[in-house]
Amino acid sequence: MLIAAILALAAGTYATRLSGVLLRDRLELSDQLQRLLPMAAAALLTALAATAALMAGSDFAGVARPAGVLVGGLLAWRKAPFVVVVVAAAGVTALLRLAGLP
Amino acid sequence: MSTPKRTLRDAGALAAAMVAVGASFGAIAIAYGLPPWTPVLMSLVVFAGGAQFLAVGLFAAGNPVAAVLAGLLLNARHLPFGLAVSGTLGTRLRDRLLGSHLMTDETVAFTLAETDPARRRRVYWLVGTTLFISWNIGTVLGVALGGAVGNPDTLGLDAAFPAGLIALILPALRDRETRLVALTGAALAVALTPVLPAGLPVLCALLGLLVLFRPGGPLRPGRPGSQPARPASGSSPAHPGPGSLPAHRGSGSLSPRPGSDSLPLRPGSGSLSPRLDSGSPVPRLRSGFLRPRPGLRSDRPVPDTWRPAC
């Protein structure tokens with residue numbers, strides 16, 4: 001049962017991934033619509049980042065994580081290297097947690 | 001630093017975090033009492049961090065059907081991702097079959113941050129492979145080490161993933177229309193998170209595209225020939241060459257640039273490039289790859305915040 005569920009999840013996930021890739025050829029998209037695809041991806045990724053930064057499950061994530069992400073975001077905006085952004089975000093969050101903030 | 005080198009370094013940073021989060025995934029699955037092969041198999045064949053965390057919690061709760069449905073809902077965003085990176089994967093069937101499995105939030109973000117098609121392709125495979133390997137290594141470590149694996153939240157890794165995504169998408173957000181769409185979508189997603197099951201809020205971000213239809217917007221009905229979203233970002237001629245990349249990460253933009261992503265590569269660009277692979281499961285953020293498990297904690301074996309889709 002467990003293995004069946006895992007395989008079903010795997011197959012469904014793979015089918016989702018592959019169908020986007022394959023569908024692209026079948027869709028006769030106008031130039032306009034084609035330009036929307038990267039925008040749609042940008043919207044999804046931004047939403048992922050925002051929900052991941054602010055929410056934990058269906059509640060707010062507390063203080064430490066949003067603060068760390070904010071620091072990382074500011075560094076990214078100032079064009080800091082990617083590694084610096086990631087390490088700073090994690091570091092700030094870890095320190096705030098160490099200090100007892102949620 | 002050349003782009004591949006920088007990408008390698010950036011992907012390496014993400015990979016290190018993924019090993020840690022993968023380890024926590026493996027350890028949590030074991031803590032839930034699942035057989036050791038379960039997390040290992042999942043990381044290999046599902047390769048989607050958020051869905052994996054969600055699913056093990058529901059397996060542990062004795063609800064495998066819900067685990068499958070919730071996981072699939074969480075992963076539904078890969079369909080639009082597939083549409084967006086299809087051109088990058090090329091037309092060769094083998095590349096598409098393999099490349100699809102490596103598709104993750106981070107891979108897509110890294111890829112779309114590049115503007116040059118050949119570079120995009122390299123980045124997709126490079127990041128995908130790196131993340132696939134690190135995620136699976138992490139999982140095995142977690143299974144082996146069990147309880148010795150700490151909570152990655154202690155290290156602040158739950159902040160690392162969203163911050164990394166932000167760094168990757170910022171260049172695209174320089175385009176005014178893309179920014180409006182993305183921020184509207186993100187606001188909707190955050191607002192809906194408390195009331196919708198995991199996965200749906202992020203999908204609702206696609207509704208942000210509706211701002212293009214606002215009065216005066218680029219897609220307002222009745223404006224024949226109106227152009228959607230032009231990359232506003234500074235200097236972008238129709239085909240942004242490498243020289244026009246926005247400074248940060250070398251990157252370009254996720255945004256609609258004529259000449260980017262799927263468009264130009266599409267038909268015959270089949271197999272220009274070396275295929276590495278790509279993918280990325282990062283657990284810990286919520287619906288993404290990185291995003292794991294709503295409300296799961298190792299000490300809380302049952303995901304209490306998950307609600308069945310209404």
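Visitor: How far apart are the end C-alpha atoms of helix H8 (residues 117-145) of chain B?
Guide: Keep in mind that this is a predicted model. Helix H8 of chain B has 29 residues, and at 1.5 Å a residue it should span 42 Å.

Visitor: Is H8(B) largely enclosed by the rest of the structure or largely open, and how many of its residues are buried?
Guide: A residue counts as buried if 20 or more other C-beta atoms lie within 10 Å of its own. H8(B) is largely enclosed by the rest of the structure, because of its 29 residues the number buried is 21.

Visitor: Which residues is Ala43(A) in contact with, leaving aside its neighbours within four places in sequence?
Guide: Contact here asks for C-beta atoms within 7 Å. With those neighbours left aside, the partners of Ala43(A) are Val181(B), Ala182(B), Gly185(B), Ala205(B), Leu206(B), Gly208(B) and Leu209(B).

Visitor: What gives the largest share of the side of chain A that touches chain B?
Guide: Here 64 residues of chain A are in contact with 93 residues of chain B. By class, the chain A side has 42 nonpolar, 16 polar and six charged residues. Its largest share is 22 residues, and the element that supplies them is H2(A).

Note on methods. Residues are numbered from 1 along each chain as its sequence is written. Chains are lettered from A and ligands numbered from 1 in the order in which they are written. This is a predicted model: local features need pLDDT of at least 70, side-chain atom pairs count only at pLDDT 80 or more; totals for chains, interfaces and linings use all residues. Two residues are in contact if their C-beta atoms, placed from the backbone, lie within 7 Å. Helices (H or I, at least four residues) and strands (E, at least two) are DSSP runs, numbered from the N terminus. Ala, Val, Leu, Ile, Met, Phe, Trp, Tyr, Cys and Pro count as nonpolar, Asp, Glu, Lys and Arg as charged, and the others, Gly among them, as polar. The expected span of a helix is 1.5 Å times one less than its number of residues. A residue is buried if 20 or more other C-beta atoms lie within 10 Å of its own, exposed if 12 or fewer, and partly exposed in between; C-beta atoms are placed from the backbone.
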